Amino acid sequence: MVSADLLVVGSGFFGLTVAERAAERGLKVLVIDRRDHLGGNAYSETDPETGIEVHRYGAHLFHTSNERVWEYVNRFTDFTDYEHRVYTTHRGEVFPLPINLGTVNQFFRSAHGPDAARALLAEQADEFDSSTARNLEEKGISLIGRPLYEAFIRDYTAKQWQTDPTELPPEVISRLPVRYTYDNRYFNDTHEGLPVDGYTAWLERMADHPGIEVRLSTDFFDEGQEANKSATVGVVPVVYTGPVDRYFDYAEGRLSWRTLDFESEVLPIGDFQGTPVMNYADSDTAYTRIHEFRHFHPERDYRSDKTIIMREFSRFAEGDDEPYYPVNTPEDRERLLAYRRRTESESGVLFGGRLGTYQYLDMHMAIGSALSMVDNQLPDLLPSLAGD
Ligand code: FAD
Ligand code: UDP
């Protein structure tokens with residue numbers, strides 16, 4: 001019998017935010033995670049050979065314009081003044097991203113100002129109207145025209161999603177801004193930075209509360225451990241942040257996910273690529289990008305004779321692969337609706353986070369939606385919270 005007021009399944013940012021807020025209000029919270037470390041996909045660790053902080057599940061850059069989230073995260077960590085910038089290699093030449101005046105002028109060997117560049121791309125983009133674009137390809141062409149779309153978006157997207165861009169939703173590409181200035185900051189948000197002493201220190205501080213117990217290597221669906229599904233649902237309130245289809249035993253079919261394979265390599269040089277992330281736009285390079293982690297923390301005194309790089313490959317998730325990005329085909333969206341109906345009638349359980357809602361959530365979005373859940377939904381599950 002679990003002796004806690006609340007069971008949180010999953011110790012990613014969503015689960016830890018719910019746990020921390022509930023514990024701060026006097027509740028006893030048990031957090032379980034099937035992995036042998038806390039923190040979900042934001043977890044990072046020091047590479048033993050180089051001493052460089054490596055983000056095990058892919059590079060994580062924190063950015064937000066949500067003041068409430070920014071105030072909240074600053075309780076647990078300070079942030080460096082890191083600003084993310086990305087470059088891409090196309091046919092042996094390096095261009096700045098996101099598409100900006102520098103990219104346009106380098107690509108067309110021109111010296112356009114903002115208005116001329118805008119006019120050029122508008123002319124190249126008039127095949128499709130941005131507001132009625134039905135898929136990623138139409139949206140991409142309507143935003144930047146066919147030549148830039150084919151150079152920087154089409155093959156990269158096909159590598160990343162293994163789905164024809166005409167079958168992907170237009171929103172995927174809307175994440176990337178297009179700028180008619182030379183500003184090549186990747187994110188538009190008000191606040192940006194990396195945790196001064198690393199992600200894991202930040203995540204551990206969130207869990208470091210006398211009201212919180214964390215049990216690692218503990219799977220909710222393992223009947224052999226105390227805090228399993230059949231022993232807890234209906235007995236203790238549960239916030240579940242694992243995959244929603246797994247919770248219902250895939251009764252409505254499997255939701256499709258993309259997974260990533262990361263190939264790390266330590267090199268006997270101080271600097272491999274001179275920048276944190278280099279994308280590879282062309283189909284003849286199998287990986288989508290290379291991360292070089294030392295560049296995320298130029299303020300740190302890392303050794304200068306070795307560096308660690310990580311090549312990122314993308315493919316459909318199968319079996320036990322880690323689910324990373326929801327693919328979101330029309331069939332997925334149908335299935336998701338069916339799962340949503342099931343979650344609504346599952347009493348005593350709230351579903352949240354990236355996996356629990358089948359939504360791509362940035363860290364600040366996961367934290368923001370967890371804060372909203374604590375305000376708006378948790379009091380129904382835990383009457384002792386109401387009126388706080
Ligand atoms: P997760 O971090 O996935 O945590 C869910 C946890 O639940 C996991 O620890 C898992 O082990 C656990 N769990 C699942 N099933 C069970 C079970 N049966 N029993 C027990 N535990 C279970 N966001 C940004 O803001 N900036 C970025 O640059 C960025 N880069 C990203 C790069 C990649 C490759 C990926 C995949 C994501 C990136 N994100 C980024 C998103 C970020 O990782 C998420 O916002 C964050 O992880 C969401 O937290 P979560 O708690 O919802 O999910
Ligand atoms: N994208 C692209 N070329 C690039 C970078 C991104 O076509 O060089 C597209 C691609 O479809 C990708 C989407 O833009 O899925 C969002 O890119 P982002 O870098 O935000 O993706 P993430 O870092 O989440 O993988």
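**View 1. Strand β13 pairs with β14 through four bridges, and the two run antiparallel.** The model is predicted: local features need pLDDT of at least 70, side-chain atom pairs count only at pLDDT 80 or more, and totals for chains, interfaces and linings use all residues. Residues are numbered from 1 along each chain as its sequence is written, and chains are lettered from A and ligands numbered from 1 in the order in which they are written. Strands (E, at least two residues) and helices (H or I, at least four) are DSSP runs, numbered from the N terminus. Two strands pair if DSSP finds at least two bridges between them. β14 spans residues 307-316.

**View 2. The side chains of β13 (residues 289-292) point two ways.** Arg289 and His291 take one direction; Ile290 and Glu292 take the other. All four are buried (20 or more other C-beta atoms within 10 Å of the residue's own, with C-beta atoms placed from the backbone). In a regular strand, side chains alternate between the two faces of the sheet.

**View 3. Seven strands form an open sheet with mixed pairing.** The order is β7-β6-β12-β13-β14-β11-β15. The edge strands, β7 (93-97) and β15 (325-326), each pair on one side only. β15 pairs with β11 (residues 257-267) in the antiparallel sense, over two bridges. Arg258 stands opposite Tyr325 in that pair. Helix α6 lies across β6 (86-90), β11, β12 and β14, and runs at about 95 degrees to β6. Axes are lines fitted to C-alpha atoms, for helices over the stretch in contact; angles run from 0 to 180 degrees between N-to-C directions.

**View 4. Helix α5 (residues 136-144) is largely enclosed by the rest of the structure, because nine of its nine residues are buried.** The buried residues include Leu136, Ile141, Leu143 and Ile144. Glu137, Glu138 and Lys139 are buried too. Their cover includes α4 (114-124), α6 and α7; contact here means C-beta atoms, placed from the backbone, within 7 Å. Gly145 follows α5 and has a positive phi, near 85 degrees.

**View 5. Helices α1 (residues 13-24) and α8 (residues 199-207) pack at about 35 degrees.** Their axes lie 8 Å apart. Leu16, Ala19 and Glu20 of α1 meet Leu203, Met206 and Ala207 of α8. By class, this contact has five nonpolar, no polar and one charged residues. Ala, Val, Leu, Ile, Met, Phe, Trp, Tyr, Cys and Pro count as nonpolar, Asp, Glu, Lys and Arg as charged, and the others, Gly among them, as polar.

**View 6. Ligand 1 is surrounded by 35 residues.** A residue is near a molecule if its C-beta atom, placed from the backbone, lies within 6 Å of it. The closest are Gly10, Gly12, Gly40, Gly58 and Gly353. Elements giving two or more residues to this shell are α1, α12 (353-357) and α13 (363-376). The shell has 17 nonpolar, 12 polar and six charged residues.

**View 7. Around ligand 2 there are 13 residues.** Ile153, Tyr156, Thr157, Arg175 and Asn279 come nearest. Two or more residues each come from α6 (146-161) and α7 (171-174). α6 gives the largest share, five residues. The shell has eight nonpolar, four polar and one charged residues.

Key: Buried ≥ 20, exposed ≤ 12 C-beta atoms within 10 Å, placed from the backbone. Contact = placed C-beta atoms within 7 Å.
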